[in-house]
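Please open the model in a viewer and follow the selections below.

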Amino acid sequence: MHYESPVRQPLILGDKSYNQITEDVVRPIENAAPRSWWVVFSIALVMFLWGVGSLAYTVGTGIGVWGLNKTVGWAWDITNFVWWVGIGHAGTLISAVLLLFRQRWRMAINRSAEAMTIFSVIQAGLFPVFHMGRVWMAYWVLPIPNQFGSLWVNFNSPLLWDVFAISTYLTVSVVFWYVGLIPDFAMVRDRAVNPVQKHIYKVLSFGWGGKAKAWQRFEEVSLVLAGLATPLVLSVHTIVSMDFATSVIPGWHTTIFPPYFVAGAIFSGFAMVQTLLLIVRKVFKMEDYITIQHIEMMNIIIMVTGSIVGVAYITELFIAWYSGVEYEQYAFLNRATGPYWWAYWSMMTCNVFSPQFMWFKKLRTNLVFTFVISIVVNIGMWFERFVIIVTSLHRDYLPSSWSMFSPSFVDVGIFVGTIGFFFVLFLLYARTFPVIAQAELKTILKTSGEAQKKHHSDHGAHH
Amino acid sequence: MAHTTEPTPVVRALYHDDDVLISAVKEIRAAGYKISEVYTPFPVHGLDKAMGLKETRIAMAAFMYGVLGLTVAVTLTWFMMISDWPQNIGGKPNLNWGMNMPAFVPILFELTVFFAAHLMVWTYLIINGLYPGADAQNPDPRTTDDYFMVELPAADGLVDVLKKSGAVEIAEA
């Protein structure tokens, strides 16, 4: 009944029982935070506050305090927006697409990956909102009657599609995450001794009791949400790419953008999941659940999507040449050899070259190496967005208006601030939420637990 | 709801293994007793079939919500862009909804997903009686960790069946 081929590596190491999984998952919640947590949290908080200050300065003075000029009207803000949205994609991919494909290894990592999705989409949302300049009029993007704003919103505009895509994505990700969290909060509630803690988890767990009918509906709801989230996640970065692709700027006006952006998003998102989980498994001693095998699987996805991104870069170059359009040809020549050549080649090195190391099993199962590559990939993906946005804008059709972009301290402050905000949220999450979907993980213990598998192979599958 | 003056006594049997639970549920039902509820720490596959639960229709509800979302999106785009205040934006056609439809596809899709997902989850919470601050539905806190509880109305000879089925703890309440 619980047989799984011995060829498959166990997903839960050691001799675990259901109770042991419970104990391991609640340990970070019930125990005091380690000193290292406080150190990292303090640093993140300072970065966050710097970002808050920079945003306050932006709102108070106007977006003229950014490094934008009349030629380069989009730069760090949109770069950061696209970068953060992209990072978010891996969480949905892990929880939804891998659920549809029945990949059991997702169960140990989906909770944290979804948390990452939500926290990074929050960061992403800040940039377009503050780029509006007069943020107090942000409600103008909502479809509300003309008396409240200027006119009806323009449903032909990709920027408005973005509003709908990002808000749907954020809210659907939140409910998907929360539906899975309810049973795990109930587990924490039922163990809590401290009355304040017990009350908080009682509120959070919505009274969940694990009734058979509730579980039946839970599984159906998870499946349907996965089915909805899969096209949703693909639509989000598709629509983000249309912000560029539907314009007539050389370097932006290409039909390859939607798949190319989606592949890049998954690529950078998995890299960020690696960065976070390598720390989480170490600090919270989750090595038995987030195993080397999990890390290896994610590295393979990074390698594949990195290669897809590489093919997309080369296709872009080829099509620019093949199109015969001078402006398009110049845009790409300028990217690779113009004043921003260093950004282009950083992107190429980080995104196309570095993931190729993952062909070697020794390297893709090496934790330190993985950690380094995961950071390199995210730097590379930031450069990709910077290259696409800034190099296409800074030299357009009219040479007399060519210019360069350099960020102001406010641009830097806001970007650093979002990194701080992201880590503040993630660190708080890691201390108060069950970081592993323990209820789901318990369902695979008998098939994929190391001791249980060994028992099977020793005694044969008699059932 | 039964309006009796005295609540019917219930028997609660705890099991410590999901496989034992499934076979116990089958044995109890085969012996002719009616199970009122089973509490488990995780979704036990095959339990709903063993208990004879009907399949859930929540996926069908989600589909209906999706259709509703699509309808709302069509109405919204038609009213704002075509009917109430048509404008020529970027030379894109605005004479009728059909011609302008390709530009609305992202909105139609997003609102369909938005309605289907959110209304399904609201439905799920409501029919399961889940809301912030609700009292725990499980009578024994161990059933969210590693115990499995079968709850059923007290009856003659029931305790023996439960013991034989592998229950590790039996309590009457």
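Begin with the largest cavity, which holds about 130 Å³ of space. The model is predicted: local features need pLDDT of at least 70, side-chain atom pairs count only at pLDDT 80 or more, and totals for chains, interfaces and linings use all residues. Residues are numbered from 1 along each chain as its sequence is written, chains are lettered from A and ligands numbered from 1 in the order in which they are written, and side-chain values use heavy atoms, without hydrogens and water.

A cavity is a set of points, on a 1 Å grid over the protein atoms alone, where a 1.4 Å probe fits but cannot get out; lining residues have an atom within 4 Å of a point. Volume is the space filled by probe spheres set on the points, which are joined across faces, edges and corners.

Select Asn110(A), Glu114(A), Phe176(A), Gly180(A) and Glu440(A): of the 13 lining residues, these lie nearest the centre of the largest cavity. Next, colour helices H3 (76–100), H4 (110–131), H5 (158–191) and H7 (212–245) of chain A, each of which gives two or more residues to this lining. Helices are DSSP runs (H or I, at least four residues), numbered from the N terminus.

Move on to the second largest cavity, of about 50 Å³. Its lining consists of Thr92(A), Ser95(A), Glu114(A), Thr117(A), Val172(A), Ser173(A), Phe176(A) and Ala229(A). H3, H4 and H5 of chain A each supply two or more of these residues, with the largest share, 3 residues, coming from H5(A).

Notes:
1 Å grid on protein atoms, 1.4 Å probe; cavity = no way out; pocket = protein on both sides within 12 Å on 5 of 7 lines; lining within 4 Å.
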